[in-house]
There are 2 protein chains.
Amino acid sequence: MARTAEANQRLREAQRVKILESASRVFARLGRAATMADVATEAQVSQGLAYRYFASKEALFQALIEQAMQTNPTGLQSFLEMPGTPGERLALLLSRLVESRCEHPELYQILDQVQNSETTPNNLRALIRKRGQIFLDVMSQLIVEGQATNEIAGGDPAQLVTAIAACLEGLTKLALPHPEQFKKNCPDVGIILRMLKPQVD
Amino acid sequence: MARTAEANQRLREAQRVKILESASRVFARLGRAATMADVATEAQVSQGLAYRYFASKEALFQALIEQAMQTNPTGLQSFLEMPGTPGERLALLLSRLVESRCEHPELYQILDQVQNSETTPNNLRALIRKRGQIFLDVMSQLIVEGQATNEIAGGDPAQLVTAIAACLEGLTKLALPHPEQFKKNCPDVGIILRMLKPQVD
């Protein structure tokens, strides 16, 4: 009995993930004009089943956004406190972010669309903006700490943060037209990290 | 007499530039919905005068695109042949591109909008696509040449090109919301060039 309940739970989770992944593709393709029917077709499930997992298109959207914002399970701010030197933590954070941008560019596009759409509820827009600010703050703090330990190049931390943030944003843009093909050219995080390396001349 | 003709010519050129700059701001703000009337208002000239310089909105658009594509007077390909080592030429090319992205983000946004709009004539779209390809080819060739002279880090040239291209694209995106404020944080090209620096460990 317990085993059947567990199996059912796993099946439900798998279906939820399948619907979310399909929604991510459909929203990326059609923007907010996408309907639950489009999502159900993409996921090869009935519309009724899709609604059993997500009460509305808005609920689906919100779930996608929450997924996009959880680059890692414990959140961006955990990188300020986890073990390791500032440089090591920055490298780990960036490798997660580069991978996420290259593997799921459509999620970031959705975040953008939601952020820029006039129909987005204000609280959702505020949530996305806040997430962007936390990202910049965490990066900035790790860079300043890394400059103190000589792991990170000197110079204006704001410029270093901007260079890294630009690179991440650009990856989404370049990946979107041909996501599968792009994965081949996705730069190794080591290349991007070189922007932060102290210079020995 | 000759002097008056010259003075008139200078005045005409100044007015043309003023209308173009106004158009660039208006198109960036309103997209292709912008009208000649919007442009004339922004430039503080009469609509009739604006039409004397540009026969139609399409003509204005085309002029803006041509301006955006001329990152330098002699074109991207000249960087393959000018004097200097591959590393020096790459540094020069990138410093021009970073400056252009940070100073005129709206021009690049217009290129994007034109490229993605279904109403764009095919030849214009092809022109923009071709310019993008030339940029990637020139970067790629300079990187390969620079790897041969040990000025550029080893590794997959396609990944290096992608990292640089992503950074440039991202600069436009980050600059657009607050262009004036952004100029303070625009990364020095030296930071971006570090991605290409050979590593000594």
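A salt bridge is a side-chain nitrogen of Lys or Arg within 4 Å of a carboxyl oxygen of Asp or Glu. Keep that cut-off at hand for the exercises below, which use a predicted model.

**Exercise 1.** Describe how domain 1 of chain A and domain 2 of chain A are placed and how they touch.

*Solution.* Start with the bounds: domain 1 of chain A covers 1-57, and domain 2 covers 70-201. Next, take the centres of the two domains over C-alpha atoms; they lie 29 Å apart. Then look at who takes part in the contact: domain 1 of chain A supplies six residues and domain 2 of chain A eight residues. Putting these two domains together buries about 530 Å², with carbon and sulfur atoms giving 56% of that area. Finally, apply the salt-bridge cut-off: the count between the two domains is zero.

**Exercise 2.** Work out how chain B is related to chain A.

*Solution.* Superpose chain B on chain A: this takes a rotation of 180° with 0.0 Å of shift along the axis, and the RMSD is 0.1 Å. The two copies are therefore related as by a two-fold rotation axis. Now compare the contact residues: 100% of those of chain B recur in chain A, so the same surface serves both copies.

**Exercise 3.** Find which elements of chain A have the lowest and the highest mean pLDDT.

Methods
Residues numbered from 1 in each chain as written. Chains lettered and ligands numbered in written order. Predicted model: local features only at pLDDT ≥ 70, side-chain atom pairs only at ≥ 80, totals over all residues. Heavy atoms only, no water. pLDDT = per-residue confidence, 0-100. Helix = DSSP H or I, 4+ residues; strand = E, 2+ residues; numbered from the N terminus. Least-squares fit on C-alpha atoms with pLDDT ≥ 70 in both. Contact = heavy atoms within 4.5 Å. Domains from an automatic or database assignment. Buried area = accessible area lost by both parts, 1.4 Å probe.
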